[in-house]
Amino acid sequence: MIKIEDLTILFDSFKIVDLNIQIEEGGFHFLLGPTGSGKTLILESIMGLHKPKTGRIWIGDREVQGLPPERRGISYVPQDLALFPHLKVKENILFGIKARDLDMKIYEEYVHALVEVMKIEHLLERYPAHLSGGEKKRVALLRALAPKPKLLLLDEPLSGLDPSIKADVQHLLKNLHTSFHTTTLCVTHDFEEAYFLGDGITIFIDGKVEQVGKRDDVFLKPKSKKVAQFLGAKNLYRAKVLRNEESYQRLTLGINGLQFSIPTSLVRDKMEVGKEVELFIRPEEVMIIREGKPVKDSLKQNIFEGKILDITDKRRYHLVTFQTLEGKIPFEISIPNYTFRNLNLSIGKIAKVALRDESLWVMI
Amino acid sequence: MSFRYTMIGAAVGIFIFYLGLILSLFYFVGGKGFWEALSHPNTLFSIRLSLIAATIATFFAVLIGLPSAYALSRFKFVGKGILDTFLEIPMIISPIALGAAFLVFFNTPLGELIQTKGIFFVFEVPGIILAQFATIAGLTTRLMKASLDEISPRYEAVARSLGSSPWQTFYRVTLPLSFRGLLASVILSWAKAFGEFGATVTLAGAMPGKTETMPIAIFTALASANINKAIVLILILVVFGLLILYSVRLTGKRYRYD
């Protein structure tokens, strides 16, 4: 278990206050925040390069705050990788084992297994200058993993790669983690990456932690508008609580006279009548109802008639901008291509949509 | 005249200016007394003294300059700005003033104590080394700092995380990565020490066969109208200079690590 307690860092213009992160043994935790929010600084402080103002760092039952970087057992892969240009790939990989004076015999098999998983046998005698971007990433990862660190720190591990290689490295990271279980803390601004790889996520905006939790908890149940927006949420509306019918376990929200019915199970906070809240409609969960087709009971709670304002082809899906006739509330709906082809939609057409319960989320 | 040709013309102009200056020396080469001057014991002594003194002065300048350069390049500390500015002192004050300041210093109680209990500097060979050291130490530090600045501290961060102590990191990562730049700094510092005149002559005097370095020998040769000797010495300086510039060029070539 890795515990970072009440870390406060003041450095240049950065101010990071009371950062708390816990990572289970073998966990893959993401620190997710916008670019320029001081994420690299946090990693370098955990490593011991900067002295935080306050805070304690535990690796297992060992407190490492106060130890120099070389005695913390933390490996670091910076964004620019920093492969030693004067050393061959092989020497780069063995750097940590030699620096710590570890017994090569014990590590040989493990390093060999890593080399095999990473498919870099043919690169061992080369210098970093002669490697491609993806190869460099592999070597840097291997160098970090070779001395069996207690904690692996990754700084934007997928940045600067071509999309096809990016997918490769992403899968490689997942494989490495499932095979070798190195406890990992990764910082990134890319929430797709965090969704694919992370089991725990800390959302970090403007020097403060906004939300911590398991991956699905954070992605499906954002705590605030700030978090939702950072995670790419589009349809966000200010709404008012009109009724709270506890016997039905449903809540009624109003926006511009239009009423939405929401199961109370999907609401985190206490909702009094008259309170102003944020309603988030997930574009991928909204259904367009086909004409003449019967509608399931479970979808009948929130059916709206509206006009199609715009259609954008996003290659993998279509994005439809829909505006309710009553209340004139516009929202975006994403529709898989195969469904879109059957729906016969066009700009200006009147259609009916059903917001199923899963498509709604309410925040304060 | 086009923009391009004006600019290139200026560059070629400077080249011709210096080349002409050097070529003009050959007008007297081979004249009567030229070869005697070249093989005269005092000339050979000056060459040897200059080589040895400049090398020792450079050694000490690097000994203190390299760690200082690292500190200025990597760490934040109180008074860093003042310290950094002070490195320029020997570059802005005249070398003669620097030498004179030393003469004054060795007449203070502390200076006298150093001379009587330790090493004698005034009008002695150690004085040459001290004067040269004083002229180049700031420059050496500055040049080395520039080479270290080019090496991303990220390499050091990674080396530390992989288990290297700060000292190990310095000689296993920082030093090899900045080696070419550092070497160029050393060569340029040495060249500057080798050609130093003002501070050396003020502190160590100009005694032939004792404290007469090459630049001082040129001056005394001219003062006594010994043109042949002056030219011999100038030509030797030019040859050394060209060798140095060439070796700096070599270090400047991008090392491809292959």
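How many helices and how many strands does chain B have? Chain B has 13 helices and zero strands, where helices (H or I, at least four residues) and strands (E, at least two) are DSSP runs numbered from the N terminus. This is a predicted model, in which local features need pLDDT of at least 70 and side-chain atom pairs count only at pLDDT 80 or more, while totals for chains, interfaces and linings use all residues. Residues are numbered from 1 along each chain as its sequence is written, and chains are lettered from A and ligands numbered from 1 in the order in which they are written. The predictor gives the complex an ipTM of 0.81 and a pTM of 0.83.

**Chain B**

- From the N terminus on, the elements of chain B run α-α-α-α-α-α-α-α-α-α-α-α-α.
- The C-alpha trace of chain B spans about 70 × 65 × 35 Å along its principal axes.
- The mean pLDDT (the predictor's confidence in each residue, from 0 to 100) of chain B is 90, and 96% of the residues score at least 70.
- Where pLDDT is low, the predicted coordinates should not be read in detail.
- Chain B has 258 residues, of which 34% count as buried; a residue is buried if 20 or more other C-beta atoms lie within 10 Å of its own, exposed if 12 or fewer, and partly exposed in between, with C-beta atoms placed from the backbone.
- Of the contacts in chain B with a separation of 6 or more, 77% come from residues 24 or more positions apart; two residues are in contact if their C-beta atoms, placed from the backbone, lie within 7 Å.

**Contact between the chains**

- Chain A gives 22 residues to the contact and chain B gives 18 residues.
- On the side of chain A that touches chain B, the elements giving two or more residues are helix H1 (39-47), strand S6 (74-77) and helix H2 (89-99) of chain A.
- That side of chain A has 14 nonpolar, four polar and four charged residues; Ala, Val, Leu, Ile, Met, Phe, Trp, Tyr, Cys and Pro count as nonpolar, Asp, Glu, Lys and Arg as charged, and the others, Gly among them, as polar.

**Six-stranded sheet of chain A**

- Six strands of chain A form an open sheet in the order S6-S7-S8-S3-S9-S10, with mixed pairing; two strands pair if DSSP finds at least two bridges between them.
- S6 and strand S10 (208-214) of chain A stand at the edges with a single partner strand each, so one side of each is left without a neighbour in the sheet.
- From one strand to the next the twist averages 15°; axes are lines fitted to C-alpha atoms, for helices over the stretch in contact, and angles run from 0 to 180 degrees between N-to-C directions.
- H4(A) packs on this sheet, touching S6 and S7 of chain A, and its direction makes about 170° with that of S6(A).
- Strand S3 (residues 28-32) of chain A pairs with S9(A) in the parallel sense over four bridges, and A:Leu31 has A:Thr202 in S9(A) as its bridge partner.
- Strand S9 (residues 200-205) of chain A pairs with S10(A) in the antiparallel sense over six bridges.
- In S10(A), A:Lys214 is the bridge partner of A:Gly200, and A:Val212 is that of A:Thr202.
- Five of the six residues of S9(A) are buried.
- The hairpin of S9(A) and S10(A) has two residues between the strands, and A:Asp206 in this hairpin takes a positive phi near 50°.

**Helix H4 of chain A**

- The 13 residues of H4(A) (residues 133-145) should span 18 Å at 1.5 Å a residue, and the end C-alpha atoms are 19 Å apart, which agrees; the expected span is 1.5 Å times one less than the number of residues.
- In H4(A), 10 of the 13 residues are buried, so the helix is largely enclosed by the rest of the structure.
- The buried residues of H4(A) include A:Glu135, A:Lys137 and A:Arg138.
- The cover over the buried residues of H4(A) includes S6, H2, helix H3 (104-118), strand S7 (151-155) and helix H5 (163-180) of chain A.

**Five-stranded sheet of chain A**

- An open sheet of five strands in chain A has the order S15-S19-S16-S17-S18, with antiparallel pairing.
- S15(A) and S19(A) (residues 350-355) run antiparallel and are joined by four bridges, with A:Met287 opposite A:Ala354 in S19(A).
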